[in-house]
Amino acid sequence: MAINKIGLVTNFNIKDKAEAASKVASQLKKYPCEIYASELMREKVERNRALAEQLKFVPNSTLYKDMDVIVVLGGDGSILTAARYCLSSGIPILGINLGHLGYMAEMEADEIEMLDKLFSGDYSIEEREMIDVSVMRGGKHLANRASALNDAVISNGSIARLVDLELFEGDVPVANYRADGLILSTPTGSTAYSMSAGGPVIDTKMKCICVTPICSHTLTARPIIFSDDAVLSIKNTCEREKSLYLTLDGKINFEIYRGDTVTVKRSASVTKLIKLKEQGFYNTLRSKMNMGK
């Protein structure tokens, strides 16, 4: 794939990130390509004259539709946001870690010379499964719908309080939960909130959906892994709370009321991540999670 147009995404309002973006742009400019940023960032970018001179500006919708590659400088949250914007276009994303963990990022900030591989063709594209999540009200009315790369979380929001939920696979009842909430994650999201709640770490090449209860008040409640062709439904049966909250990738929130049903299934869309290294899932797991030390 010829790479001629590159979108550069970061929080240009933070000095360290703007400086890192300038170094990335300088490395990319060694090659015959154009580098773009969102028009929404123009004022912030122009505080750094050297950076501004290397970039062109386009509307945000164009940035995530017409580029060959999106380069994201930040943590996993920044990559998740870019994945949502790239949902319809399928533009591949290259993550450069400027966050704490950056599990989905391919490079660290001191490895920008590896960007040369984009132009030599020495890279691969890994497709990560996503989930489609919808909220049904009154049994048939679609209240909300969105997609997620990491997870969908049903909880009481900012207040830690037990809630009641029923889980179905298709029309078959699976479990009743009394817990702080429920996490439905992709293999990519298995190393995020799900893992912190005691869920399994899942190789990102696997095709499945993992359901992990959060601080369950039932001794027999355990994480369950479903095939990726499963259609999962979670009914809000909680009588003590006026409403619960559905959060997707820690970014999108929907209010769900008693009797509402959240449906989760594999998405037809995928997130494409550019891989410049050959370290594989388990080497990444070991290095990022500091395992074995």
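Leaving aside residues up to four places away in sequence, Met114 touches Met107, Leu276 and Lys277, where contact means heavy atoms within 4.5 Å. The model is predicted, so that local features need pLDDT of at least 70 and side-chain atom pairs count only at pLDDT 80 or more, while totals for chains, interfaces and linings use all residues. Residues are numbered from 1 along each chain as its sequence is written, and side-chain values use heavy atoms, with hydrogens and water left out.

Met114 lies in the loop between strand 6 (107-108) and helix 6 (117-120); helices (H or I, at least four residues) and strands (E, at least two) are DSSP runs numbered from the N terminus. Met114 has a relative accessible area of 15% and is therefore buried (under 20%; exposed is over 50%, partly exposed in between, with a 1.4 Å probe and protein chains only).

The largest nonpolar core has 31 residues. Such a core is a set of buried Ala, Val, Leu, Ile, Met, Phe, Trp, Tyr and Cys residues joined through side-chain atoms within 4.5 Å. Helix 1 gives this core its largest share, 5 residues. Val24, among the residues with the most contacts inside the core, is in contact with Leu8, Val71, Leu73, Ile96, Ile112 and Leu115, neighbours within four places in sequence left aside. Another core, of 29 residues, lies apart from it and includes Ile154, Ile209, Ile234 and Leu246.

Thr188 is found in the loop between strand 12 (181-185) and helix 7 (193-196). Because its relative accessibility is 4%, Thr188 counts as buried. Residues touched by Thr188, beyond four places away in sequence, include Met104 and Leu149.
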